[in-house]
Amino acid sequence: MKYISTRSKNSEELTSAEAILKGLASDGGLLVPDMIPKVKLKDIKALVDMRYEARAVDILSRFLTDYTQDELNECAELAYDWFDIHDRVRLAIMSDKPENAKKIQANKNNVKAILELWHGPTSAFKDMALQMLPQLMRVALKKTGESREILILVATSGDTGKAALAGFADVPQTKVMVFYPDGGVSKIQRLQMVTQIGKNVNVTAVKGNFDDCQNGVKKIFNDEEIARQLNESNVKLSSANSINWGRLVPQIVYYFAAYADLIQAKEINVGDFVNITVPTGNFGNILAAYYAKKMGLPVDKLICASNINNILTDFFKTGVYDRNRSFFKTITPSMDILISSNLERLLYHETNDPELIKKLMSDLNTTGRYEISADLKKKLGKIFYADYAAEDETRVTLAAMLKDKNYLIDTHTAVALSVASKYVHKTKDTKPMIIASTASAYKFAPAVLTAIGEDISKLSEFAQLDKLNKISGVMIPKGLANLKTAKILHEDVCEGENMAEKVLAFAKN
């Protein structure tokens, strides 16, 4: 399998190892597989009795065809050994049986299966990929004979940054530099990043929002002069954001794992269709679900759940992507995004027209908006449903889950549950629903406590963790509990226009 750019018919063709090291295509496009491998129902059935590591190897081997089975086995074992549960992901199944169930569908249970993706070392779903990416990159360095040091450059809205830092800290032949929006992440998320140890790590706040960080990183990747100066220092840029295929492909695995676990729990039979709801910002996590569907996982609808920065909701409903709008800081900061980079990959796969993609991305860059055809909008509408949850709806959903189900969720998961409920109410479609739960509630303790009616005005961030623990009975993740005594090591702040200068200085260190 080869990897090509979303923006050129005459794109370079890369192996997966080359694509993982490169991160971004030379023309500024995103790298995508030149074909999407297919799985059969018997392949899915075979996953049911496998460990998560084996499931990962099975799915990854279909995309990373230049990696050997032994190499992928080693990568999987090293990546997921840090998780605090043996299964790596956990499926919390909650079945409702509404009185009118027989009227609205044939399935006996309106199953909601909450896919807990936050049992890794940084308590966020990004661990599922960012513990794997350094292992894939380590092998790729050997396979390609790359002698330069790889500088991993990351823009984060909160979770990616810490997960990348944890994954790449002290990994040989790499450095990792993270930019986050100053004041645009939760206090716990910030503490996770600024206390990160490692001789090869740097964390810098940017005055602005996440899109300013992301735009700055993209400009650095596309600057030939910066590339020349880095090369003189024997350094090559790569990315750990989901623009890097090696970050995205491990995320496909857990949707297959969730489906296999539903079979194992006897909630579905092999071949039954499910829906998937994902709280969405940069579009990477739901794009992984799209790839799973395209591969043959029996998925009917992909439900794109946004907060009040609902640019994706508007896009799927109108066909217009317009970032010229107000930006809101919310209780779901990881979704406070107006430029959803991975949407480019979806548009490429659904049009197979790199010239169109190039034009759309150029329009977005120059005018802040683009519009797709009515036919393409209709095509996407058959795959995706999109809606958003307002702040009050998010709080109400979170509080109700704890009160009625004795189940603790974070704010981002509450957005997904709220939108999933809207979808079911509107469509009467009660196929089993997999809902991606993307972070531990403890990462957003102030918002969670406020949502359930607690006064936090006199509580420190760590007193808030203790309070939430007392109320819920859910254990505080070790990585978060240990922040209380961790030393702050990174206090740099810069303007967006100075990001390149910071990168060059760190590269030469």
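1. Strand β14 and its partners. In β14, S437 is the bridge partner of E116. That residue pair belongs to a parallel pairing, in which 5 bridges join β4 (residues 110–116) to β14. Two strands count as paired if DSSP finds at least two bridges between them. Strands here are DSSP runs of E with at least two residues, helices are runs of H or I with at least four residues, and both are numbered from the N terminus. β14 also pairs with β9 (residues 274–279), again in the parallel sense, over 3 bridges. There, I434 of β14 is the bridge partner of I276.

2. Basis of the model. This is a predicted model: local features need pLDDT of at least 70, side-chain atom pairs count only at pLDDT 80 or more, and totals for chains, interfaces and linings use all residues. Residues are numbered from 1 along each chain as its sequence is written, and side-chain values use heavy atoms, with hydrogens and water left out.

3. How enclosed is β14? Strand β14 (residues 433–437) has 5 of its 5 residues buried, so it is largely enclosed by the rest of the structure. Buried means under 20% relative accessible area, exposed means over 50%, and partly exposed lies in between (1.4 Å probe, protein chains only). M433, I435 and S437 are buried on one side of β14, and I434 and A436 are buried on the other. In a regular strand the side chains alternate between the two faces of the sheet.

4. The five-stranded sheet. An open sheet of 5 strands runs in the order β8-β5-β6-β7-β15, with parallel pairing. Its edge strands are β8 (235–239) and β15 (492–495), each pairing on one side only. Neighbouring strands of this sheet are turned by 30° against each other on average, direction ignored. Axes are lines fitted to C-alpha atoms, for helices over the stretch in contact, and angles run from 0 to 180 degrees between N-to-C directions.

5. Strand β6 within that sheet. β6 has 8 of its 8 residues buried, so it is largely enclosed by the rest of the structure. T174, V176, V178 and Y180 point one way, while K175, M177, F179 and P181 point the other way. β6 pairs with β5 in the parallel sense over 6 bridges. It is joined to β7 (residues 201–207) by 6 bridges, also parallel. V178 takes part on both sides: it is the bridge partner of V154, and in β7 its bridge partner is V203.

6. Helices across the sheet. Helix α10 (residues 210–221) lies across β5, β6, β7 and β8, running at about 150° to β5. Helix α23 (residues 499–507) lies across β5, β6, β7, β8 and β15, running at about 155° to β6. Contact means heavy atoms within 4.5 Å.

7. Nonpolar cores. A nonpolar core is a set of buried Ala, Val, Leu, Ile, Met, Phe, Trp, Tyr and Cys residues joined through side-chain atoms within 4.5 Å. The largest one has 156 residues, and L64, I252 and L347 have the most contacts inside it. Helix α12 (residues 245–264) gives the most to this core, with 14 residues. Beyond four places away in sequence, I252 touches I59, F63, W245, A288, Y291, A292 and M295. Another core, of 25 residues, lies apart from the largest one and includes L30, A155, F221 and C494.

8. Cavities. A search of the whole structure finds 3 cavities of 30 Å³ or more. On a 1 Å grid over the protein atoms alone, a cavity is a set of points where a 1.4 Å probe fits but cannot get out, and lining residues have an atom within 4 Å of a point. Grid points are joined across faces, edges and corners, and a volume is the space filled by probe spheres set on the points. The largest cavity holds about 270 Å³ of space. It is lined by 25 residues, and F125, K126, G281, N282 and S334 lie nearest its centre. Helices α8, α12 and α13 (284–295) each supply at least two lining residues. The largest share, 3 residues, comes from α13.

9. Helix α8. This helix (159–168) is mostly covered, with 9 of its 10 residues buried. Among them are D159, K162 and F168. D170 follows α8 and has a positive phi, near 60°.

10. Is S326 buried or exposed? S326 is exposed, with a relative accessible area of 51%. It is found in the loop between β11 (320–322) and α15 (343–351). Leaving aside neighbours within four places in sequence, S326 is in contact with N309 and L338.

Conventions: On a 1 Å grid over the protein atoms alone, a cavity is a set of points where a 1.4 Å probe fits but cannot get out, and a pocket is an open set with protein on both sides within 12 Å along at least five of seven lines; lining residues have an atom within 4 Å of a point.
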